[in-house]
Amino acid sequence: MKKNINNTFKNTGKTIKISMASIMMLTAVLACDEKSLLEPTPITSLSDLQAFSTPDRVLAQVNGLYSSTKSGQLYGGRYYIYNDVRGEEFLNVTSNGVTALQTWNHTNNSSSNEPTNMWNAAYLAVNRANLFAEGLDKNAGVIDATLATQYKAEARFLRALIYYSLVNTYAQPYTKDAGASLGVPLRLTGEVGSGNNNLKRSTVAEVYTQIISDLTYAEQNLPATYASAALNTTRAHKNSAIAMKVRAYLTMGKWADVVTEANKIVSATAPFKAGTGVANALQASVASVFAAPYTTVESIFSFPMGDNDLPGTQNGLASYYLPLIGIGDFSLNPAGILGNAAFSATDARRTNFVKNDFASDAGRFRLTKYPTGPVHKDFVPVLRYAEVLLNLAEAKARLAGASVDASALALLNAVRGRSTTAYTAADFATGTDLVNAILTERRIEFLGEGFRSIDLQRNNLPLPAKANIAAIPVTSPAYIWPIPQSEINVNKDCAPNP
């Protein structure tokens with residue numbers, strides 16, 4: 001039987017579930033070299049037996065899993081946009097109803113396209129990962145057992161990444177009630193029809209348990225390194241899994257676990273670097289991280305974009321932030337981090353990534369981290385070494401309580417010091433002051449990288465007011481996204497958000 005592609009995301013949840021079974025990894029690539037990951041050639045039709053018939057076709061499906069996860073509706077662009085514009089750092093310029101306007105002004109409902117399309121893209125990618133892992137088990141012997149285990153580890157890494165995005169978008173933060181709130185349905189087996197549509201929502205804690213389980217498996221079975229800088233950036237390796245566990249534990253507020261995991265890839269003293277696997281470390285210049293070929297050792301994991309594998313119209317990051325080469329839907333808010341004294345005029349992140357000299361743009365400040373256009377081929381950063389250092393700094397600072405932890409300050413200054421004047425211990429009267437400085441540094445360092453609303457929510461803070469948009473308190477239904485009505489229609493066990 002042939003399986004045909006269906007990539008339409010505006011259909012009902014039931015149609016999407018059937019299409020997930022129908023496609024069976026059909027965004028895979030044919031070639032086995034690095035270019036295949038950058039520019040995959042879509043397969044439009046493939047039989048069950050053919051899908052696992054040769055090592056090349058199995059690898060093609062692995063690359064297809066990455067391609068599915070970096071859908072423009074997910075990690076190819078929009079997931080980042082949504083998390084950033086829900087915060088206060090950006091102002092809407094175009095009032096374009098199809099480019100995150102409802103997300104920016106908090107008016108999404110259960111039938112809105114933005115939460116529906118992202119949900120469908122995420123579960124489509126999850127189902128592909130599940131089907132792939134099951135297909136490997138059913139076709140043992142096509143590839144070496146060790147390689148098959150590695151491929152399953154890559155699938156589980158991507159599944160963990162996707163579930164992290166889902167639970168932090170459609171559910172209450174873990175830190176609200178230790179994960180007791182409703183999370184999202186945990187689909188862990190491949191679906192080949194609509195018979196298993198009904199599945200209740202797991203709790204937030206249960207979703208995180210699965211995320212950590214997948215990442216632990218990935219850490220144990222992924223390679224330490226690949227043969228090139230390109231693959232060390234665009235394929236998951238052991239350090240990628242560890243860094244993602246650090247992020248997950250930070251979002252859960254499990255500070256001791258953050259320290260335990262981060263210590264695996266962060267040396268005890270400066271200059272901080274990974275002692276095993278890929279030699280991940282900060283770059284001397286932050287600008288180099290966002291410049292072609294995007295493969296510095298600071299990039300622990302990124303999604304590449306190529307001529308044949310672009311995020312799609314109105315999905316790419318540059319399209320949202322830059323006029324001329326994109327639509328430029330969002331400018332930087334002068335009252336956001338741009339107006340914070342900690343973000344000085346001479347900060348390298350400001351001089352390199354903030355500009356207000358675009359023609360016919362009314363002097364607006366624009367984020368230029370993603371400058372490639374009109375075809376948007378900037379790599380999408382997922383995990384950077386700078387994040388691991390700031391995650392570890394925050395965890396250590398919080399564990400120290402009222403004291404100013406010297407090692408946390410050193411980690412903060414490793415990131416801050418390459419771009420602007422470092423802090424001294426005299427700048428902080430208490431440990432709380434240090435924590436606040438780390439949180440501010442995250443706003444500067446990760447501007448436009450999809451962190452802002454998650455950082456607000458894990459700290460149980462309201463989504464701040466901006467322009468004419470009122471703040472969203474933690475008790476508001478708009479604080480998290482609604483479960484899509486299309487899912488509720490076909491999954492009778494899936495409860496909507498209150």
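Reader: Why does Lys 245 count as buried?

Author: Keep in mind that this is a predicted model. Lys 245 has 3% relative accessibility, and buried means under 20%, so Lys 245 counts as buried.

Reader: What makes Glu 219 and Lys 245 a salt bridge?

Author: Their side chains meet at 2.7 Å, N to O, and the cut-off is within 4 Å, so the pair qualifies. Glu 219 sits in helix 10 and Lys 245 in helix 12, 26 residues apart. Glu 219, at 13% relative accessibility, counts as buried too.

Reader: Why is Ala 400 called partly exposed?

Author: Its relative accessible area is 25%. Buried needs under 20% and exposed needs over 50%, so Ala 400 falls in between and is partly exposed. You'll find Ala 400 in the loop between helix 16 and helix 17.

Reader: How do you know that the span of helix 16 agrees with what it should be?

Author: Count 1.5 Å times one less than the number of residues. With 15 residues, helix 16 should span 21 Å, and its end C-alpha atoms are 21 Å apart, so that agrees. As for cover, 13 of the 15 residues in helix 16 are buried.

Reader: What makes Glu 445 and Arg 418 a pair that ties parts together?

Author: Their side chains meet in a salt bridge at 3.0 Å, N to O. Glu 445 lies in helix 18 and Arg 418 in the loop between helix 17 and helix 18, so the pair ties together parts 27 residues apart in sequence. Glu 445 is buried, at 1%, and Arg 418 counts as buried at 15%.

Note on methods
Residues are numbered from 1 along each chain as its sequence is written. This is a predicted model: local features need pLDDT of at least 70, side-chain atom pairs count only at pLDDT 80 or more; totals for chains, interfaces and linings use all residues. Side-chain values use heavy atoms; hydrogens and water are left out. Helices (H or I, at least four residues) and strands (E, at least two) are DSSP runs, numbered from the N terminus. Buried means under 20% relative accessible area, exposed over 50%, partly exposed in between (1.4 Å probe, protein chains only).
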